[in-house]
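User: I have a model open here and would like to go through it with you. Could we take it residue by residue and then step back to the whole chain?

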Amino acid sequence: MRLYGVVAVGGFRRFAAYRMATAAGMFTNIVFGFIIAATYIALWDQRPRLGGYGLDEALTYVWLGQALLTACAMMGGGFEGELIERIRSGDIAIDLYRPVDLQLFWLAGDLGRAAFQLLGRGIVPMGVGAFVFDLALPASPLTWAAFLAAIWLGLVVSFAIRYLVALSAFWLLDGAGVMQLSALAGTFFSGMLLPLNVFPGVLGEIARALPWSSYLQIPADVLLGKRTGWELAGAYAFQAGWAAVLLTAGRLLQATATRRVVVQGG
């Protein structure tokens, strides 16, 4: 396990080296935060308590979305491009023969990346939003702890989905199309555009049942105090369940791909 800890630290340091890119991304998050906040203010002025949120809660949701956008790689931009390229070039054969667990290796690196993005591109935009607007931030440290746990589970779900996307390159050779579809699904079904609570009828039920809701909607509800007690436990179970299913699917797909590499190599 020490090896994977080193890989996670390496993932953190790797992205920490790009300071100008981080500053530019932070500025972009802040600008889009103001644009979306203005849209939400106009929308909530016409529809107060839309989705069960007050205006202060809706604005908190906006800035939380900007804080988690890159950490959860809702629009892509994580490890998957690099892994797809290794599959296309054949370098993945070397990785499969190494005495490390391929899935855990990439998971550790991605969690390190996400930790840096959360600190580097999450805290400052959230702070700017809190300074300019009246946000519904909790006072209880227990709520913050519960929120961080929900974020961590969301990051694992995000990795598991993108790992499956990357492994598709074993059969498709070019995973660009699947990556784009994944980014679109992540943007829409995470609640990045609008809270999933706003979605009407069956669409809302389906959206909230999909794994992408673990990225933003569930952490936001935890932060806003919408999920406490057994509802909080249910939210964790939902995220953990999807993480287990998707990680298991990734292992099965990885095993199938490994057998394919071995047969072709033989």
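User: What does Asn29 touch, not counting residues up to four places away in sequence?
Analyst: Asn29 touches Trp63, Gln66, Leu69, Thr70, Arg121 and Pro125; contact here means heavy atoms within 4.5 Å. This is a predicted model, in which local features need pLDDT of at least 70 and side-chain atom pairs count only at pLDDT 80 or more, while totals for chains, interfaces and linings use all residues. Residues are numbered from 1 along each chain as its sequence is written, and side-chain values use heavy atoms, with hydrogens and water left out.

User: Is Asn29 buried or exposed?
Analyst: Asn29 is buried, with a relative accessible area of 2%. Buried means under 20% relative accessible area, exposed over 50%, and partly exposed in between, with a 1.4 Å probe and protein chains only.

User: And which helix holds Asn29?
Analyst: Asn29 lies in helix α2, residues 19-46. Helices (H or I, at least four residues) and strands (E, at least two) are DSSP runs, numbered from the N terminus.

User: Moving on to Ala67: where is Ala67 found?
Analyst: Ala67 is found in helix α3, which covers residues 55-68. Its relative accessibility is 7%, so Ala67 counts as buried.

User: Which residues does Ala67 touch?
Analyst: Beyond residues up to four places away in sequence, Ala67 touches Leu118, Arg121 and Gly122. Arg121 is also one of the residues that Asn29 touches.

User: Now the loops. Which loop holds Arg49, and what is its phi?
Analyst: Arg49 lies in the loop between α2 and α3. Phi of Arg49 is near 65°, a positive value in a residue other than glycine.

User: What about phi of Ala73?
Analyst: Phi of Ala73 is near 50°, again a positive value in a residue other than glycine. Ala73 lies in the loop between α3 and α4 (80-89), and with a relative accessible area of 4% it is buried.

User: Where is the place of Met192?
Analyst: Met192 sits in the loop between α10 (176-189) and α11 (201-209). At 10% relative accessibility, Met192 counts as buried.

User: What is Met192 in contact with, leaving aside its neighbours within four places in sequence?
Analyst: Met192 is in contact with Tyr61, Gly65, Gln66, Leu69, Met74, Thr187 and Leu216. Gln66 and Leu69 are also among the residues that Asn29 touches.

User: How far is Met192 from Glu85 in space?
Analyst: Met192 and Glu85 are 28 Å apart, C-alpha to C-alpha, and 107 residues apart in sequence.

User: Let us turn to the core. Which residues of the largest nonpolar core touch the most other members?
Analyst: They are Leu64, Met74, Leu83, Tyr163 and Leu216, in a core of 62 residues. Helix α8 (residues 141-167) gives the most to this core, with 13 residues. A nonpolar core is a set of buried Ala, Val, Leu, Ile, Met, Phe, Trp, Tyr and Cys residues joined through side-chain atoms within 4.5 Å.

User: What is Leu83 in contact with?
Analyst: With neighbours within four places in sequence left aside, Leu83 is in contact with Ile92, Trp106, Tyr163 and Ala166.

User: Finally, the whole chain. How many helices and strands does the chain have?
Analyst: The chain has 13 helices and 0 strands. Its radius of gyration is 19 Å, close to the 18 Å that the globule rule gives for 266 residues, so the chain is as compact as a globular protein of that length. The radius is taken over C-alpha atoms, and the rule is 2.2 Å times the number of residues to the power 0.38.

User: What share of the chain is buried?
Analyst: Buried residues make up 46% of the 266 residues.
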